[in-house]
Amino acid sequence: MLKIIIVPCLNDNYAYVCYDESNDAFVVDPSEFKPVNKCLKDNNLNLKFVLNTHHHFDHVGGNAELKQEYSCKIVGSKLDEERIPEIDISLREGELWNFKENPAQVIEIPGHTTGHIAFYFMDEKIVFTGDTLFALGCGRLFEGTPEMMWNSLKKLKNLPDDTKVYCGHEYTLSNAKFLQSVISNDLINKKIEELKKLELDKTPSIPSTIKEEKELNLFFQSDNSDLKIQLNMKDKTDEETFAYLRNLKDNF
Ligand code: ZN
Ligand code: FE
């Protein structure tokens, strides 16, 4: 059984410190050294690995210092060997990476960046989605096309409904407000009230689940014919519908 500690970093990033009964740990997307190091020391954890979902500074900024302090190994995409600082273990689509007896499947999900990956711990039903799938949103297309991103989201949509989704940023409330601006319904209005309370309490809205994303996240529903009709995009492809929504969000 893995335990997960959410570590707020920078403005709105999350790093995730994960550990087992023996206090061996890995961390996903350490944007910075200090808060992650403090969390590890406070909880008496031995850092063995850093997992990076993609090469952006706000996900790899702590790599070098953590490696120096803990002699841990850095794990990331083979496609980003040149861009992930200090990488030791590089993986491709479908490869399994094991944290002791916890297997994780690597899922290539390009769009935000071309080398973006997710780590899916199938036994624990946990997925780390970086800046590809956010709670109630998705990442900007810095390096990929809408088609790439839509295909990546479809891969994540295929994970079991009860998979917990741990994403790279606390953008959930602003994502929800965007969804409300496109389609206002009871579900999203209720969700916004919940999220406002969490924000007041400074409580992370993470994790969400694949089920919840399917129900609320419009980017996940770009193949939904009812949504297409509401958007006046009845005859458009799923990719075109996704691109339209992404463009609306970019200008929101
Ligand atoms: Zn990013
Ligand atoms: Fe980011």
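First, the ground rules. This is a predicted model, where local features need pLDDT of at least 70 and side-chain atom pairs count only at pLDDT 80 or more, while totals for chains, interfaces and linings use all residues. Residues are numbered from 1 along each chain as its sequence is written, chains are lettered from A and ligands numbered from 1 in the order written, and side-chain values use heavy atoms, without hydrogens or water.

Which residues hold the zinc ion (ligand 1)? His54 (NE2), His56 (ND1), His112 (NE2) and Asp131 (OD), at 2.2 to 2.3 Å. Donors here are N, O and S atoms within 2.8 Å of the metal (3.2 Å for Na, K and Ca); water is not among the atoms, so sites may look incomplete. Along the chain, the zinc donors follow H-x1-H-x55-H-x18-D. His54 and Asp131 lie 77 residues apart, so to speak in distant parts of the chain.

Now the iron ion (ligand 2). Its protein donors are Asp58 (OD), His59 (NE2), Asp131 (OD) and His169 (NE2), 2.1 to 2.2 Å away. Their spacing is D-H-x71-D-x37-H. His59 and Asp131 are 72 residues apart.

What bridges the two metals? Asp131 does, and the ions lie 3.2 Å apart.

Last, burial. Buried means under 20% relative accessible area, exposed over 50%, partly exposed in between (1.4 Å probe, protein chains only). His54 is buried because its relative accessibility is 0%. Asp131 is buried at 3%. His59 is buried too, at 0%.

How values were computed
Helices (H or I, at least four residues) and strands (E, at least two) are DSSP runs, numbered from the N terminus.
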